[in-house]
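Me: Hi! I'd like to get to know this structure a bit. Can you walk me through it?

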Amino acid sequence: MTEAIVDDVRVTNRISALISAFGVLASGMLFAFAVREYRSGASALWLVAASAIFLSASYTLVRDARRLRTGPTA
């Protein structure tokens, strides 16, 4: 009987990248909501907070994508 060995680090990196992609999607929606609220007269802090969250999520996605491309270091 053959046993399949799963590369746990690679699977973990893929799951992390997938979660990061959903984070960028959610933060993009938050940013769109913040722009709409700002145009309606809400505080500019909405834009600042949404921008910071979007940039943070984007950075995380780029970091995870680079980790997927480089592969294992050992």
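Me: Let's start with one residue. Is Ser27 buried or exposed?

Reply: Ser27 is buried, because its relative accessible area is 5%, and the cut-off for buried is under 20%. Keep in mind that this is a predicted model.

Me: Where does Ser27 sit?

Reply: Ser27 belongs to helix H1.

Me: And what is Ser27 in contact with, leaving aside its neighbours within four places in sequence?

Reply: With those neighbours set aside, Ser27 is in contact with Ile53, Phe54 and Ala57. Ala57 is itself one of the buried residues of H2.

Me: OK, zooming out. How many helices and strands are there in the protein?

Reply: The protein has two helices and zero strands.

Me: Tell me about H1, then. How many residues does it have, and how far does it reach?

Reply: H1 covers residues 8-39, which is 32 residues. From its first C-alpha to its last it reaches 47 Å, close to the 46 Å expected at 1.5 Å a residue.

Me: And H2, what are the numbers there?

Reply: H2 has 26 residues and reaches 38 Å from first C-alpha to last, close to the 38 Å expected at 1.5 Å a residue.

Me: What follows H1?

Reply: Gly41 follows H1, and its phi is positive, near 110 degrees.

Me: Which residues of H1 are buried?

Reply: The buried residues of H1 are Asn13, Ala17, Ser20, Val24, Ser27 and Ala34. They pack against helix H2, residues 45-70.

Me: I see a lot of steps of three or four in those numbers. Why would that matter in a helix?

Reply: An α-helix has 3.6 residues a turn, so residues three or four places apart point the same way.

Me: Nice. What are the buried residues of H2?

Reply: In H2, the buried residues are Ala50, Ala57 and Asp64. These pack against H1.

Me: What does Asp64 touch, apart from its neighbours within four places in sequence?

Reply: Apart from those neighbours, Asp64 is in contact with Ser16, Ala17 and Ser20. Ala17 and Ser20 are among the buried residues of H1.

Me: Let's switch to how the helices are arranged. At what angle do the axes of H1 and H2 cross?

Reply: The axes cross at roughly 160 degrees and come within 8 Å. Angles over 145 degrees count as roughly antiparallel, so H1 and H2 are roughly antiparallel to each other.

Me: Is the crossing of H1 and H2 left-handed or right-handed?

Reply: The crossing of H1 and H2 is left-handed. The residues of their contact divide into 17 nonpolar, nine polar and three charged.

Me: Can you give me some pairs across the chain? How far apart are Ile19 and Leu61?

Reply: Ile19 and Leu61 are 42 residues apart in sequence, with 8.6 Å between their C-alpha atoms. Ile19 is in helix H1 and counts as exposed, because its relative accessibility is 56%.

Me: What about Thr60 and Val24?

Reply: The C-alpha atoms of Thr60 and Val24 are separated by 8.8 Å, and the two residues are 36 apart along the chain. Thr60 is found in helix H2 and counts as partly exposed at 24% relative accessibility. Val24 is one of the buried residues of H1.

Me: One more pair! How far apart are Glu37 and Leu47?

Reply: Glu37 and Leu47 are ten residues apart along the chain, and their C-alpha atoms are separated by 8.9 Å. Glu37 is in helix H1 and counts as partly exposed, with 25% relative accessibility.

Me: Last thing, the whole protein. What percentage of the residues is buried?

Reply: Of the 74 residues in the protein, 12% are buried. As for contacts between residues at least 6 apart in sequence, 62% join residues at least 24 apart.

Terms used. Residues are numbered from 1 along each chain as its sequence is written. This is a predicted model: local features need pLDDT of at least 70, side-chain atom pairs count only at pLDDT 80 or more; totals for chains, interfaces and linings use all residues. Side-chain values use heavy atoms; hydrogens and water are left out. Helices (H or I, at least four residues) and strands (E, at least two) are DSSP runs, numbered from the N terminus. The expected span of a helix is 1.5 Å times one less than its number of residues. Buried means under 20% relative accessible area, exposed over 50%, partly exposed in between (1.4 Å probe, protein chains only). Contact means heavy atoms within 4.5 Å. Axes are lines fitted to C-alpha atoms, for helices over the stretch in contact, and angles run from 0 to 180 degrees between N-to-C directions. Angles under 35 degrees count as roughly parallel, over 145 as roughly antiparallel, 65 to 115 as roughly perpendicular and the rest as oblique. A crossing is left-handed if the near helix is turned anticlockwise from the far one by less than a right angle, and right-handed if clockwise. Ala, Val, Leu, Ile, Met, Phe, Trp, Tyr, Cys and Pro count as nonpolar, Asp, Glu, Lys and Arg as charged, and the others, Gly among them, as polar.
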